[in-house]
Amino acid sequence: MGNTDDPLARLDTTDEWIRSRTGIKARRWVEPGESTGDLAVQAGHQALRSAGIKGVDLVLLSTTTPDHHSPGTAPWVAAQLGLGTVPAFDVAAACAGFTYAVAAGDAWIRAGMADSVLVIGAETLSTITDKSDRGTAVVFADGAGAVVLRRGTVEEAGAVLATRLGSDGTQKDLAIIAAGGARWPEENQTAARGERCLRMQGPQMFTHAVRRMTEVSRMLLETVGWQVSDVEAFIGHQANQRILDKVADLVGIPPAHCLGNLHRVGNTSSASIPLVMDEAVRDKSVSPGARTLLTAFGGGAVWGAVAMTWPDIQVSH
């Protein structure tokens, strides 16, 4: 992907303004013609190589920006990965999508319906972003990351110990594309451009994100019986650095245990957590078996958290 920050120059803003309010210094956007599915295939290939396997029993693709309204993008991704006719479906849970997809994959394995699951978070948010809207254009970016879940034991590094999810549909307008769906069909493209792109209520989103990510993190710690001091790695959805700092402070996670890449890649929605995980694996900043907490909040409103131990995998080049 190329770095296409130049269009931001026409906004009434400065680099200093963006950094001070979001923590973002750069973001990546796809080249014309490159889709969410294309990114998902790349991430899926890498995850399968890292796991040392060629096939899985299920493919879950978390995305807010599918290649088409219909059909889902996951079956095409599975086919491009050479995975045959395995079940594959999209998960639409906005920025909390990766936690939702991990929870779903974990549930399939626990239920005996799968022994291995490919979970992908992929987004091309540049395709639904109004480049003239300072509230979203400076924040959202494109990217993809993936993990492979497999049947194992809780003693193994990389074990998913517990997940917790939540939603509140009364807050659906926090981040929404109003036009283009069944409630507001757009046969003649008569809606204003802003109604066909993602709009976000920044201050309200901040408040709800901090509250829900803090709550779900505390609940999950209680579920698995961890003290805050037990957490060795904390990855929050890379939405806004002030949100991340506030949640970590309220939960009690010291900065040294917080992982992130927001300043380099921007808000990539459901791709953000697996992208941070990939970087941490590559630079070996977290030891295998380290107690890890993932948490996210997204439009819907939806939120989720995952308690796991850090995996012991080989980096695939």
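**Notes on the predicted model**

1. The crossing of helices α6 and α7 is right-handed. This is a predicted model, and the values in these notes should be read accordingly. Helix α6 covers residues 202-224 and helix α7 residues 241-251; the two pack at an angle of about 35°, and their axes are 9 Å apart.

2. Which residues make the contact between α6 and α7? From α6 come Phe206, Ala209, Val210, Met213, Thr214, Ser217, Arg218 and Leu221. From α7 come Arg242, Ile243, Lys246, Val247, Leu250 and Val251. By class, the residues of this contact are nine nonpolar, two polar and three charged.

3. Leucine 244 also belongs to helix α7. Is leucine 244 buried or exposed? Its relative accessible area is 9%, and the cut-off for buried is under 20%, so leucine 244 counts as buried. Apart from neighbours within four places in sequence, leucine 244 is in contact with Gly236, His237, Gln238 and Leu262. Glutamine 171 is 73 residues from leucine 244 in sequence, and their C-alpha atoms are 21 Å apart in space.

4. On the chain as a whole: there are nine helices and 10 strands. Along the principal axes, the C-alpha atoms fill a box of roughly 55 × 45 × 40 Å.

5. Of the 317 residues in the chain, 51% are buried. Among contacts with a separation of 6 or more, 77% are between residues 24 or more positions apart. The chain exposes about 14400 Å², and 50% of that area is supplied by carbon and sulfur atoms.

6. Two cis peptide bonds deserve a look. One joins serine 70 and proline 71, with omega about 5°. Proline 71 sits in the loop between β1 (58-62) and α3 (74-80). Another joins glycine 300 and alanine 301, with omega about -10°; here the second residue is alanine. Alanine 301 is placed in the loop between β9 (291-298) and β10 (302-309). Please inspect both sites in the model.

7. Where does alanine 94 lie? It is in the loop between β2 (88-91) and α4 (97-110). Alanine 94 is not a glycine, yet its phi is positive, at about 50°. With a relative accessible area of 18%, and buried meaning under 20%, alanine 94 is therefore classed as buried.

8. Serine 269 is a residue other than glycine with a positive phi, near 55°. Its place is in the loop between α8 (262-265) and α9 (272-283). The relative accessible area of serine 269 is 3%, so this residue is buried.

9. The packing of α6 and α7, with axes 9 Å apart, can be viewed together with the contact residues, nine of them nonpolar.

Key
Residues are numbered from 1 along each chain as its sequence is written. This is a predicted model: local features need pLDDT of at least 70, side-chain atom pairs count only at pLDDT 80 or more; totals for chains, interfaces and linings use all residues. Side-chain values use heavy atoms; hydrogens and water are left out. Axes are lines fitted to C-alpha atoms, for helices over the stretch in contact, and angles run from 0 to 180 degrees between N-to-C directions. Helices (H or I, at least four residues) and strands (E, at least two) are DSSP runs, numbered from the N terminus. A crossing is left-handed if the near helix is turned anticlockwise from the far one by less than a right angle, and right-handed if clockwise. Contact means heavy atoms within 4.5 Å. Ala, Val, Leu, Ile, Met, Phe, Trp, Tyr, Cys and Pro count as nonpolar, Asp, Glu, Lys and Arg as charged, and the others, Gly among them, as polar. Buried means under 20% relative accessible area, exposed over 50%, partly exposed in between (1.4 Å probe, protein chains only). Accessible areas come from the Shrake-Rupley method with a 1.4 Å probe; for residues, only the protein chains shown count as cover.
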